[in-house]
Amino acid sequence: MSAITHARLRRLAAECRLALLGVTTAEPFDGLAELLVERIRTGHMDGLDWFTEERARFSADPRNLHPTARSIVSVGLPYWQPDVAPPDDGVPRGRISRYAWGRDYHKTLKTRMRDLHARLEEELGRPIEARALVDTARIVDRAAAARSGLGWYGKNTMILVPGHGSWVMLGELVLDIEVEPLPALRPKCGRCTRCLDACPTGALVDAYRLHTPRCISYLTIELRGPIPRDLRPLMGSWVFGCDICQEVCPYTGAAAPSDDPAVQPERIEHAFPSLHWLLTMSEEEFRTVYRGRAVLRAKRGGLARNAAVALGNIGSDADLGLLEEVAATHDIPLVRGHAAWAMARIDAAATAPILRRLHDREPDPAVRAEIAATLNAPPPARCRDAA
Ligand code: SF4
Ligand code: SF4
């Protein structure tokens, strides 16, 4: 028997600024462990080394989190904002995925779920065993959201929530009380393939199937070493994450705007940072500007590496001086190598003599190899008109 009605649960969640929720049981997710193990074994999750087969099996059964788990309240934080745009100032700017514009959603969601937990205990007049989870390998957020009726799986592998599309951050409160589950929603992609067609790197290899090593989100956030050279020209100006397969989705196009301050960018660097600044920022500047934000996860070197690729993709001759300076002097070798690549991407013929000089002076063997590879096989020239 349900310990609380859905109406009461929704009211309590709304008081905690959790506007969206679904409910499911804590039963194992049918077929999920097998699906995840198959994805791992076929290489679709390569690079996510922490997500092992053992983790996959663990995450498919919520009772592994606590043996008395009975219900999962799946919560959503909408974050669509239509009015934030890059300034028209001629500065080459990178793009940050929308979910990272505001304060770190892991902290925001966890704080609100803990608040909901406390209110539930007060409401029911007894202690409740609970786990608040956001983006961990201990449960699959999207599987919980789909089974709980919060949203449905799109072919882009995102959860689409009615009225919000996929612009929703997900979390779960796993409880030892029984709450009547809500019915799962019917998927509505139909014959649409817009997200698969729009993905610039071909990471969506099939409907509902993401090949992580090709995804710009993985390349810009999780990958620590050099970005594969064949993928760099496909990454556009993304420096942290990628929203393309969400932006093209007709359901996200109809999303309601959020006025939640927690998801708003507070300065332009939180959404559209200058690429020159990313390439030259100090550790202190990086930590100050992105304090309390998900962008910190990429680390300064990763963000500067991504900025070099982005500037190669969208920059012009006017950016070559800065790139040469970065290629010669940046304190992180990975950034020097990617800046050299970016020079050739903008103008391989004009920059070849400079790259040869940089190669001969470069102390780091990995950077020398990167520059040599660039000289031997320059990246494809950009179509200036399209940049
Ligand atoms: Fe493709 Fe970008 Fe979507 Fe990744 S996030 S699947 S790269 S469109
Ligand atoms: Fe589904 Fe089309 Fe949206 Fe992709 S773009 S998730 S196929 S509705």
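**A note on strand 2 and its surroundings**

1. Strand 7 covers residues 168–175 and pairs with strand 2 in the antiparallel sense over 8 bridges; two strands count as paired if DSSP finds at least two bridges between them. Helices (H or I, at least four residues) and strands (E, at least two) are DSSP runs, numbered from the N terminus.

2. Please keep in mind that the model is predicted, with local features needing pLDDT of at least 70 and side-chain atom pairs pLDDT 80 or more, while totals for chains, interfaces and linings use all residues. Residues are numbered from 1 along each chain as its sequence is written, chains are lettered from A and ligands numbered from 1 in written order, and side-chain values use heavy atoms, without hydrogens and water.

3. Strand 2 also has strand 1 (residues 20–25) as an antiparallel partner, joined by 6 bridges. Here Val23 has Val73 as its bridge partner.

4. In strand 2 (residues 71–78), 8 of the 8 residues are buried, so the strand is largely enclosed by the rest of the structure. Buried means under 20% relative accessible area, with a 1.4 Å probe and protein chains only. One side holds Ser71, Val73, Val75 and Leu77, the other Ile72, Ser74, Gly76 and Pro78, and both faces are covered.

5. Stepping back, the protein has 15 helices and 10 strands. Buried residues account for 54% of its 387 residues. The C-alpha trace spans about 75 × 40 × 40 Å along the principal axes.

Methods. Buried means under 20% relative accessible area, exposed over 50%, partly exposed in between (1.4 Å probe, protein chains only).
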